[in-house]
Amino acid sequence: MLGGDEFISSPPRKTVRFGGTLTDILLKYEKGETSDFELLKHQLSDPDIKDAQIINWLHEFRASVAYLTKDLEQLVNILLKLPWLRRSRDVVEEYLGFLGNLVSAQTVHLRPCLRMIVSQFIPPRITIREDDVDISDSDDDEENLSENFNTCHRALQTVARYVPSTPQFLMPILVENFPFINKSERTLECYVHNLLRITVYLPTLRLEILELIVERLLKLDVSTPQQDIEDAEETANNSDSEEKSTEEGLFDMEEDEETKGNKVASSGSERMAHPLAERLDILMTILFSYIKDVCHVDGKLDINKTKDLYRDLVSVFDKLILPTHASCHVQYFMFYICSFKLGLSEAFLDHLWKKLHDPNNPSVIRQTAGSYIGSFLARAKFIPVVTVKACLDLLVNWLHKYIDNQDTGTNAYCDVALHGPFYSTCQAVFYTLIFRHKQLLEGNLRKGLSYLQSLNFERIVMCQLNPLKICIPSVVNLFAAITRSKKTIEPFYQFWEELSAEDLENLKKPIKRGTSEDEDDDFLKGETPQNDGMVGIAPNSYESNTRSPVSPTGSPLDCYVQYPH
């Protein structure tokens, strides 16, 4: 019992302002008496409702969820619109308890509950009008945004704990609620960040969520032609002072920094001039951060987690990137994860090779795979020369075999429609040599020149298929990007280096076969002699677990190169 003073000072326990319990109101409503029910809805919808009122109502609703059937959907929707998220901790905890009770007792309300939670994954909307035009968007200055997002994820985990089938109902809602690309950068950033957080505690959704994010990134990418980005940056730079424009502006990863006087890239805080490019850049940076965080535990690479994520990303790459025309930036997620471990790069190259040389694949997929091989070999600093040479051997041997089969036939003429994969492979080889010639020649020039001559490029370029007519004007750079997020990629990126006059002279000198003291390359020692077979691209230490997830059908035949660790 309470003492006299305690009784007077303590607030009375309230159920409803107008008398009666919640159960009584709901039972009356079932009998057609709606007056108290309407008062209840009115009180719950009051924008000035107090925390204590919310807590009292939620406490009663938690005990009465059995009555909240489909017939009371309107009442449940009002409860789901309660301003619980930005209230006191007591309100938040009571509301999370109510959500758990509701979905466990009435799964018919699962979707509305999930929609309510997902709707909170972006900053709250504020109303802004300029000249009678509604330009409302997210409130980027929300102080407790991070804490609110944490609470939303707690709510989602609570629902998933009570309803195991939550993931299958959640994914369509995540798709429906993805903001349009013209929404503010902050809105897109918050939503993508929260999607990626879901994959941590609902790992079965990771692949679908990655596909959703990459699909939307691709829409941004193809809607932002590279030339438009360059033009926007140039216009922005021209408006700056001359001194400033020499230090800031476009960072073009297609061009060699040294030939441009080693211009320093602009600071990481600089915004891109093109609005869609800025959105794309921000979202790519988030994806890179996610990949890094998943693959590293306490600063060290976790091999198993990295392999699992690699498989998901390769699946996304196959489904979305390979068939997409005019993508210039999004594919860098594969470039980035492959930089973590040589075995990943080798597995990715092996995967692309199988796509390229499998005649059962559509020609356009084979051609795109060939372009990616060339770009990857040319641009990835983390791929050692020994791997580059192994891949060149593989590709060039395939080209010579193709010529053997086609050069004297009825189709032995220049036609992209007929020989698309051949031209794509030629392009990959040429592109690799353009960017890697110095590494191929350095150390032992005679040995390097002998290796290049052994590839017999003269036969390839002089064949009746005439690859130079097709490839040279259209050597594409599928891994080039113009971003602020370039800081993540730049350390691993190979820029083009021009041949010196001395190098050009040395290339003209003939090399007599059999005269080099180091004729046998280290990476070929112990290998099966190459006759009519082809050297494969080994997945190295990752073995079969990290290799291409597709069937090994159509893989290279004879032997695998064993690379040093």
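Val 163 is buried, at a relative accessible area of 6%; buried here denotes under 20% relative accessible area, exposed over 50%, and partly exposed in between, with a 1.4 Å probe and protein chains only. This residue lies in the loop between H8 and H9, where helices (H or I, at least four residues) and strands (E, at least two) are DSSP runs numbered from the N terminus. Apart from neighbours within four places in sequence, Val 163 is in contact with Val 103, Thr 107 and Leu 110, contact being heavy atoms within 4.5 Å. From Val 163 to Leu 110 the C-alpha distance is 8.4 Å, across 53 residues of sequence.

Before I continue, a word on the basis of these values. The model is predicted: local features need pLDDT of at least 70, side-chain atom pairs count only at pLDDT 80 or more, and totals for chains, interfaces and linings use all residues. Residues are numbered from 1 along each chain as its sequence is written, and side-chain values use heavy atoms, with hydrogens and water left out.

Leu 110 brings us to helix H7, residues 110–118. Is this helix mostly covered or mostly uncovered? H7 is mostly covered, with seven of its nine residues buried. The buried residues are Leu 110, Pro 112, Cys 113, Leu 114, Met 116, Ile 117 and Val 118. Their cover includes helix H5 (73–80), helix H6 (89–105), helix H8 (145–162), helix H9 (166–176) and helix H10 (185–201).

Arg 197 is partly exposed, with a relative accessible area of 27%. Leaving out neighbours within four places in sequence, its contacts are Phe 149, Asn 150 and His 153. Arg 197 and Asn 150 are separated by 47 residues in sequence and by 9.7 Å in space, C-alpha to C-alpha.

I turn now to helix packing. Helix H3 (residues 35–44) packs against helix H4 (residues 51–63) at an angle of about 130°, and their axes are 11 Å apart. That angle makes H3 oblique to H4. Axes are lines fitted to C-alpha atoms, for helices over the stretch in contact, and angles run from 0 to 180 degrees between N-to-C directions. Angles under 35 degrees count as roughly parallel, over 145 as roughly antiparallel, 65 to 115 as roughly perpendicular, and the rest as oblique. H3 passes H4 in a left-handed crossing, in which the near helix is turned anticlockwise from the far one by less than a right angle; clockwise would be right-handed. Which residues make the contact? From H3 they are Leu 40, Gln 43 and Leu 44, and from H4 they are Gln 53, Trp 57 and Phe 61. Sorted by class, the contact of H3 with H4 holds four nonpolar, two polar and no charged residues. In this scheme Ala, Val, Leu, Ile, Met, Phe, Trp, Tyr, Cys and Pro are nonpolar, Asp, Glu, Lys and Arg are charged, and the others, Gly among them, are polar.

The second pair is helix H19 (residues 385–406) and helix H20 (residues 416–441), whose axes come within 10 Å and cross at roughly 145°. The crossing of H19 and H20 is left-handed. Among the residues in contact are Leu 392, Trp 398 and Tyr 402 of H19, together with Phe 422, Val 429 and Arg 436 of H20. The contact of H19 with H20 comprises 16 nonpolar, five polar and two charged residues.

Next, two backbone details. Most residues other than glycine have a negative phi. Asn 456, however, has a positive phi, near 55°. Asn 456 sits in the loop between helix H21 (445–454) and helix H22 (457–462), and is partly exposed at a relative accessible area of 34%. Asn 466 also is not a glycine and has a positive phi, of about 50°. Asn 466 is placed in the loop between H22 and helix H23 (467–471), and at 29% relative accessibility Asn 466 counts as partly exposed.

Finally, the chain as a whole. Its secondary structure comes to 26 helices and eight strands, and 50% of its 565 residues count as buried. Of the contacts with a separation of 6 or more, 76% join residues 24 or more positions apart. The average pLDDT, the predictor's confidence in each residue from 0 to 100, is 76, and 67% of the residues score at least 70. Where does pLDDT stay under 50? One stretch is residues 241–269, with 51 contacts beyond four places in sequence; another is residues 511–565, with 113 such contacts.
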